[in-house]
Amino acid sequence: MTAPPAPYDGGFCADLARGSRRPVVVLDLGGTWFRAGVLRADDTVAVFRRDPAVGARTRPGPVRALQDGIVDWLVGAVDAILREGATALAAGPGEPPGPPLCAVSLGAAMNGTTGEVRGSAPLFGSATTSWWPAAELAARRPGFRWSVVNDVSALAYALLTDPAVPAHGRAAALTVSTGIAYRTIETATGRIPLDARHGLQGEIGHLPSRLDWEGVPLSARCDCGAPDHVAAYSSGSGIVGLLRRLPGSAWGGPAEPGADDRGLTDAFGARVADGHPGALRLLDAVTRPLAEVLTTQATLDPEVTPTVLTGGVVDGLGDPYLHSLLRNLARTGLYGITDRDPDHFAGRIVRGRPDGLGALRGAGVHARGLPNERVHTA
């Protein structure tokens, strides 16, 4: 195993990131899919590759073997893009030559100061880790400049180039996908506040929660192994678990058992889009745990706005998902605010771009804003 790098003390420059047009090889490791592409000089993303994730669900075995498989996939994807994507990697006007920039968005809890990966329920299940992927990648391909960033941090960095997000103040990225996490960022500087000792922020999917269905509490186990976390109910895998437990008649689903996860989620999305009453009740049930966290966050840190929603669950269910979340935020309420301003959350909780490319885009933005001389993590 490669030794961890020395702690990284920062250096990201938001103005440099906004001003650069340097192409970046970008890679996004989610709990369901791994994707690779290029953030081009014109700030568009070209996706060259999408493969099923290397993780505990698809490849049971030791965590170290999974990590080796992830590094193998990353190196192979970068090599393929360098062979096949020469046009997309052409430098923009005025960009200095340099080693290829390779930016990884990783769906895992990471110490943003050292780059140590602590764990990932979607990738590694209940196992905890102590893994420095940036150091391993640099050892495998030392001629490249690597950066590795938590996927929700990548989504936050993507906000820096989003014209809909104010250039000053603080904003937040919230992803609801295989897992759930949240990240605030100072938009003028690109600084992401982190716990001073552990380098973490916003792992809200692993907060305790509960869900009631038709007046009866339902217990569910999170992918991390613990019972009754927010992600156990509100993540993509949590929703699939509920769809499997509840009779199809409750939400308009298949009458016969045996549908696979994709079939269940497609059926649920269709019933939500059709306005099926049971499907909408279930949608409100699964957004309520997240709404309770967001009302607490808004109570304690009201300057953060907007919070931008992305992820496979949000994009798959579309506006009905946002409307359900807003209904639950209004029901939970903020003392002294929502009774006077019922639409308080409407402009503060918004959907992001529905192209699913935010983590790829943000990893590239982050890489562009870093000094040139070393491996980086965040």
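## Ala173 and its sheet

Ala173 sits opposite Arg183 in S10. That pairing belongs to a predicted model, where local features need pLDDT of at least 70, side-chain atom pairs count only at pLDDT 80 or more, and totals for chains, interfaces and linings use all residues. Numbering starts from 1 along each chain as its sequence is written, and side-chain values use heavy atoms, with hydrogens and water left out.

Strand S9 (residues 170-176) and S10 run antiparallel, joined by 7 bridges. Strands pair here if DSSP finds at least two bridges between them; strands (E, at least two residues) and helices (H or I, at least four) are DSSP runs numbered from the N terminus. The open sheet has 4 strands in the order S10-S9-S13-S14, with mixed pairing. S10 (180-186) and S14 (349-351) are the edge strands with a single partner each, so one side of each has no neighbour in the sheet.

## A helix on top

Helix H12 (residues 319-332) packs on the sheet and touches S9, S13 (304-310) and S14; contact means heavy atoms within 4.5 Å. The directions of H12 and S14 make about 175°, using lines fitted to C-alpha atoms, for helices over the stretch in contact, with angles from 0 to 180 degrees between N-to-C directions.

## The nonpolar cores

The largest nonpolar core has 48 residues, and Leu174, Trp251 and Leu325 are among those with the most contacts inside it. Such a core is a set of buried (under 20% relative accessible area, 1.4 Å probe, protein chains only) Ala, Val, Leu, Ile, Met, Phe, Trp, Tyr and Cys residues joined through side-chain atoms within 4.5 Å. Helix H10 (residues 277-300) gives this core its largest share, 10 residues.

Methods: Buried < 20%, exposed > 50% of the residue type's maximum accessible area, 1.4 Å probe, protein only.
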